[in-house]
Amino acid sequence: MTKAINPIICALDTTDMWAAEAMTKAIKPHVGGIKLGLEYFTAHGADGVRLITDMRVPVFLDLKFHDIPNTVAGAIRATAGINTFMMTVHTSGGRAMLRAAIEASDEVAQTTGQQRPMIIGVTVLTSMDQDDLSIIGVRDKLDDHVLRLADLAQSAGLDGVVCSPYEITAIRKVCGHDFKLIVPGIRPESSDAGDQKRIMTPYEAMERGADYLVIGRPITQSGNAAMAAESIYDSLQRTTELA
Ligand code: C5P
């Protein structure tokens, strides 16, 4: 399957709008997209997102929607004015919520006349372990629960899921090759793991079948973000699947 020309999505985990703008300007030639999350969106809303999309860089809006179907659909429809290429919802919100999310993304496309934003599912947060699952009443093994939710996401029509690099192989087996896998927990060789525990290099994750790599601090905290992003991109050129 043909992959994104540049699969690197840089996570800008900041509330500083001007730092986000400067960082985007610096790394734009070397990444395939920018991820903005809850902290940035809560601080700056749609105008903050537009500041980045106006720089003509694809934006992944990672707000992990989880509510009743009508509310999630309304939130997704409300993104028509900010033109993001990818958004997240919690798959544990259930089939009706996931279907409503996809239908709303179709409506966004009708409004904007552009491609439908991809709707990507979050399965089990990587901050949760088996004990956390049993506290909320889930008796399945964590890995099985992730696969169940990935399967649900696919059957409801979602475009893909976020997953750890170590889940790629199992999810590919269940969901096939046309289902997008968005993979954080990436660390280039020689970079600091920080608080991420189960990490993998960008090259290894692409070889295992990732579609997009979400990479934050190894780029943003590197001292020279443009050079760090460029060097990660160069490290991927050994990956035969890249278009
Ligand atoms: O700085 P770092 O590369 O660890 O950033 C990874 C990004 O991916 C952060 O924005 C983090 O919130 C996000 N993420 C993650 N693990 C998940 C889902 C998202 O690290 N399971």
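# Questions on one model

Biologist: Which residue in β7 stands opposite V162?
Modeller: Helices (H or I, at least four residues) and strands (E, at least two) are DSSP runs, numbered from the N terminus. Two strands pair if DSSP finds at least two bridges between them. Strand β6 (residues 160-162) and strand β7 (residues 180-183) run parallel and are joined by three bridges. In β7, the residue opposite V162 is I182.

Biologist: What kind of model is this?
Modeller: Residues are numbered from 1 along each chain as its sequence is written, and side-chain values use heavy atoms, with hydrogens and water left out. Local features need pLDDT of at least 70, side-chain atom pairs count only at pLDDT 80 or more, and totals for chains, interfaces and linings use all residues, and the model is predicted.

Biologist: By how many degrees are neighbouring strands of the barrel sheet turned against each other on average?
Modeller: The strands run β1-β2-β3-β4-β5-β6-β7-β8 with parallel pairing, and the eight of them make a closed barrel. For the angle, axes are lines fitted to C-alpha atoms, for helices over the stretch in contact, and angles run from 0 to 180 degrees between N-to-C directions. With direction ignored, the average between neighbouring strands of this sheet is 25°.

Biologist: Which residue in β2 is the bridge partner of C10?
Modeller: Strand β1 (residues 8-11) and β2 run parallel, joined by three bridges. For C10, the bridge partner in β2 is I34.

Biologist: What is the handedness of the β-α-β crossover from β1 to β2?
Modeller: A crossover is right-handed if, with the strands pointing away from the viewer, the path from the first strand over the helix to the second runs clockwise. From β1, the chain passes through helix α1 (residues 17-27) to β2, and this crossover is right-handed.

Biologist: Which helix belongs to the β-α-β unit with β2 and β3?
Modeller: Four bridges pair β2 with strand β3 (residues 59-65) in the parallel sense. K35 has F60 as its bridge partner in β3. The unit is right-handed, and its helix (residues 38-53) is α2.

Biologist: How many residues apart in sequence are the parts that the aromatic pair ties together?
Modeller: Rings of Phe, Tyr and Trp (its six-membered ring) pair if their centres lie within 6.5 Å; planes under 30 degrees apart count as stacked, over 60 as edge-to-face and the rest as tilted. By this rule there is one aromatic pair. F85 and Y212 form it edge-to-face, at 6.0 Å centre to centre and 65° between the planes. F85 lies in the loop between α3 (69-77) and β4 (86-90) and Y212 in strand β8 (residues 212-215), so the separation in sequence of the parts tied together is 127 residues.

Biologist: Which residue forms a salt bridge with D47?
Modeller: A salt bridge is a side-chain nitrogen of Lys or Arg within 4 Å of a carboxyl oxygen of Asp or Glu, and the count comes to nine. D47 is exposed at 56% relative accessibility. With the closest N and O atoms 3.0 Å apart, the partner of D47 is R50.

Biologist: Which helix holds E107, the salt-bridge partner of R77?
Modeller: The side chains of R77 and E107 meet at 3.7 Å, N to O. R77 is partly exposed at 34% relative accessibility, and E107 is partly exposed at 33%. R77 lies in helix α3, and the pair ties together parts that are 30 residues apart in sequence, because E107 lies in helix α4.

Biologist: What is the relative accessible area of R187?
Modeller: R187 is placed in the loop between β7 and α8 (202-208). Contact means heavy atoms within 4.5 Å. Leaving aside neighbours within four places in sequence, R187 has contacts that include D192, Q196, M200 and R217. R187 counts as buried, because its relative accessible area is 6%.

Conventions. Buried means under 20% relative accessible area, exposed over 50%, partly exposed in between (1.4 Å probe, protein chains only).
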